[in-house]
Amino acid sequence: MTSFLEKWSSRKFDKPKAGTRSAVDAFRVRVAEQKAYLAEFESDATGFTKWRSTWFQRVPGGFGETIGRDSIDAGQGLKYVVLETTAQVAEFLDDLLQHADHDVSFQKALEENRSRRASLLNTAKMKTKAPATKAASRKPAM
């Protein structure tokens with residue numbers, strides 16, 4: 001009998017490194033996740049529990065739809081819409097994919113948004129590390 005490591009090491013692949021996917025590719029993946037959530041909701045609306053992960057939310061008059069954590073202006077200040085049916089939510093997601101694939105200004109906005117989020121994250125990391133390094137670099141009082 002082969003050992004666990006021998007068995008699975010032959011199938012080992014290098015994990016993709018964080019940030020190697022373009023912002024557009026990452027956006028496509030997130031839209032695909034939203035479509036999967038929408039299909040799950042459509043199959044069991046009363047049992048659906050993943051609202052915190054969805055870009056669509058129930059609101060009076062239908063579903064409120066936003067472009068997730070991407071602060072993307074979809075044109076003329078449009079960042080949030082209310083749709084009446086799940087079919088319209090699916091159409092909205094399809095339109096987002098079309099823009100991600102063909103609209104250069106939308107692609108640029110995705111890249112800029114990624115850079116902005118990375119900058120904010122790096123700044124936050126530096127602030128949490130700064131107090132520890134300052135304390136370590138202080139000379140002891142005599």
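Begin by selecting Phe41, Phe48, Trp51, Phe56 and Phe63, which ring pairs link into a cluster; rings of Phe, Tyr and Trp (its six-membered ring) pair if their centres lie within 6.5 Å, and planes under 30 degrees apart count as stacked, over 60 as edge-to-face and the rest as tilted. The model is predicted, so local features need pLDDT of at least 70 and side-chain atom pairs count only at pLDDT 80 or more, while totals for chains, interfaces and linings use all residues. Residues are numbered from 1 along each chain as its sequence is written, and side-chain values use heavy atoms, with hydrogens and water left out.

By the ring rule, the count comes to ten aromatic pairs. Keep Phe41 and Phe48 selected: their ring centres are 5.6 Å apart and their planes stand at 85°, so this pair is edge-to-face.

Now consider accessibility, where buried means under 20% relative accessible area, exposed over 50%, and partly exposed in between (1.4 Å probe, protein chains only). Phe48 is buried, with a relative accessible area of 6%, whereas Trp51, at 21% relative accessibility, counts as partly exposed.

Finally, select helix H2, residues 23-43; helices (H or I, at least four residues) are DSSP runs, numbered from the N terminus. The buried residues of H2 include Ala23, Phe27, Val31, Leu38 and Phe41.

Note on methods. Helices (H or I, at least four residues) and strands (E, at least two) are DSSP runs, numbered from the N terminus. The expected span of a helix is 1.5 Å times one less than its number of residues.
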